[in-house]
Amino acid sequence: MMRGLALLALAGFILLPLVQAVILSFTATLPTDTLAKGTIGLMNYRNVLATPDLRAAMLNSAIYVSLNVALCIAVALPAAYALARTRFTGDRHFLMLILVFRVTPPVVLSLPIFILFSRFGLVNSPVGIALVHCLFNLPVAIWILESFIRAVPREFDETAYLDGHSGPSFFLRHLIPQIAPGIGVAAFFCFIFSWVEVVFARILTVTGGKPITMAIQAMFSFQTDIGKVMAMTCLSLLPGVAMIWFVRRHLARGFTLRA
Amino acid sequence: MRPHDNRAWFLVTPALLLLALVGGLPLLAVLNYGFHDIFTLTDVHWVGVDWFADILGSERFLASLGRSLLFSTLALAIQVPLGIAVALLLLGYGRHAVWGLMPVALPLVVPWNMIPMLWLGLIQPETGLLGPGLAAIGFDWKFTGWHTWVLILVVDTWHWLGLVVVLAYAGLSAIPPAYRQAAAIDGASRWAVFRHIELPRITGALAIVFLLRFVDSFMIYTEAFAINAGGPQDATRFLTLELGEEIKGFSYGQAAARATLYFLIVLAVVWAFVAATRERET
């Protein structure tokens with residue numbers, strides 16, 4: 001009884017702001033010639049999808065987040081394997097180093113990142129954002145993958161080697177299928193931290209390549225169509241909700257401190 | 001025991017190079033800028049430690065540091081116990097717990113700049129779902145300092161509780177059932193089970209929660225700025241808001257010196273924390 005009530009209160013707390021956003025997203029908040037204020041319907045979503053800037057922003061976000069997830073997994077996998085299977089000179093320093101980068105506040109690095117990336121022509125491009133988000137996503141990916149690889153018995157590797165698989169073929173044909181849930185969880189955490197991030201995403205998109213977060217910000221004006229803003233916000237939640245759904249069985253593996 | 005093999009460095013090198021590019025180089029640049037007065041990128045003068053002396057000597061900095069530390073302390077004191085409590089609650093539901101984990105993880109996928117907007121909409125006096133009720137009890141987050149604090153803490157808790165719950169739940173569900181069964185046979189109280197069986201086995205998960213939550217709350221910017229921009233009367237003026245002002249004012253040298261100081265504070269806390277955890281392990 002008490003537990004049920006506590007869970008109900010928690011659900012209310014978590015869902016309340018989202019419920020309001022969903023309600024508003026289906027409500028006309030700026031009266032037009034044909035629509036009275038307060039009409040219920042899909043017009044906000046139609047408006048969002050009819051705006052080229054907003055469509056482009058969704059695409060931009062999708063591109064840099066996918067790039068970031070792919071890059072993080074590809075680079076983290078060998079490193080995680082090395083940490084899980086061997087000891088090497090400086091391994092604890094390496095773990096400490098990635099912890100330090102994970103906790104470096106983005107705002108501290110925003111200025112030099114901008115100057116450095118503008119030299120390389122990486123401003124206004126999804127590649128720049130995908131790269132810089134590795135700063136906090138790569139450590140998380142390494143921690144998660146390391147714990148999943150550690151859970152696979154060493155004999156598994158040896159059998160694969162005896163079968164003549166080594167190097168890339170071992171990673172692709174044996175290890176990756178074996179730790180697929182781990183890759184899912186790592187991709188999930190990389191995805192959410194990259195999708196919601198605003199400090200780097202703002203500073204690296206000066207004139208173009210605006211991500212979804214900045215596009216929503218730009219919708220505020222003298223006369224804000226709050227219904228449309230909420231429709232855009234709800235759309236921006238969909239990929240995250242889908243990710244939560246896909247990894248729901250493995251979400252509870254989480255990650256722990258390794259230093 | 002894992003074998004010692006330095007060829008492992010080949011596997012680690014790509015990660016190291018990537019981090020050097022996006023973390024190492026910019027960090028060195030910040031350090032360097034902090035000792036210069038920067039008018040434009042071509043008009044730079046060496047000023048030594050002037051910026052650092054200015055910042056450390058100003059009372060505004062110390063006041064903001066105090067506020068940021070207080071905010072982090074409150075955020076951790078609320079979110080960590082609450083998150084563990086929710087995780088324990090969910091644990092009682094066995095495999096149905098996933099239906100609780102999914103909703104609490106939901107705020108994690110909301111873009112950061114949308115979070116203050118969602119909440120400000122919710123408490124908007126005329127149209128928000130909670131607005132009229134809060135207005136009736138005299139909740140005034142715009143002009144009453146501690147009300148702004150409450151609002152930012154509630155918003156931050158809403159945002160990050162899911163991370164604490166997911167990681168605490170991960171630690172708790174990994175404890176073999178035999179431990180709890182043994183405790184039940186011994187007639188251990190619920191608190192004793194938590195204190196002596198569950199808590200020691202989730203310290204690894206809690207350590208990362210502590211560090212991530214400390215850094216993110218200590219360096220809170222997006223929510224705090226959008227909710228009241230440091231007001232009323234500087235009551236919620238955190239460290240990052242000062243840094244933001246300097247960057248917006250093109251005072252890059254000073255901003256870099258300040259960023260260096262923040263980085264050093266964060267580094268000191270992380271280092272002390274890791275040293276403490278290692279000591280307990282050995």
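Predicted model: local features only at pLDDT ≥ 70, side-chain atom pairs only at ≥ 80, totals over all residues.
**Stop 1: the interface**

Colour chain A and chain B separately and display the contact between them. The contact draws 89 residues from chain A and 91 residues from chain B. Together the two chains bury about 8,000 Å², and 80% of that area is on carbon and sulfur atoms. Next, select B:Arg2, B:Leu19 and B:Val109: in chain B, these lose the most area to chain A, together 9% of what that side buries. How many salt bridges are there between chain B and chain A? The count is zero.

**Stop 2: the largest cavity**

Run a cavity display over the whole structure. Two cavities of 30 Å³ or more are found. The largest cavity holds about 370 Å³ of space. To centre the view on the largest cavity, select A:Pro105, A:Pro106, B:Trp112, B:Asp216 and B:Met219, which are the closest to its centre among the 23 residues of the lining.

Then show the surrounding elements as cartoons. Those that give two or more residues to this lining are α4 (91-103) and α5 (106-119) in chain A, along with α7, α10 (203-218) and α11 (222-228) in chain B. Which of these elements gives the most to the lining of the largest cavity? It is α10(B), with three residues. Colouring the lining of the largest cavity by class gives 15 nonpolar, five charged and three polar residues.

**Stop 3: the second largest cavity**

Move to the second largest cavity, whose volume is about 50 Å³. On the chain A side, select A:Val107, A:Val108, A:Ser110, A:Leu111 and A:Pro112, which are part of its lining. The elements giving two or more residues here are α5 of chain A and, in chain B, α12 (239-248) and α13 (252-281). The largest share, five residues, comes from α5(A). By class, the lining of the second largest cavity has 10 nonpolar residues, one polar residue and no charged ones.

**Stop 4: B:Thr148**

Finish in chain B by selecting B:Thr148, which is in helix α7 (residues 145-173). Is this residue buried or exposed? B:Thr148 counts as buried because its relative accessible area is 0%, where the cut-off for buried is under 20%.

Technical notes
Residues numbered from 1 in each chain as written. Chains lettered and ligands numbered in written order. Heavy atoms only, no water. Helix = DSSP H or I, 4+ residues; strand = E, 2+ residues; numbered from the N terminus. Buried < 20%, exposed > 50% of the residue type's maximum accessible area, 1.4 Å probe, protein only. 1 Å grid on protein atoms, 1.4 Å probe; cavity = no way out; pocket = protein on both sides within 12 Å on 5 of 7 lines; lining within 4 Å. Points joined across faces, edges and corners; volume = space filled by probe spheres on them. Nonpolar A, V, L, I, M, F, W, Y, C, P; charged D, E, K, R; others polar. Contact = heavy atoms within 4.5 Å. Buried area = accessible area lost by both parts, 1.4 Å probe. Salt bridge = Lys/Arg side-chain N within 4 Å of Asp/Glu carboxyl O.
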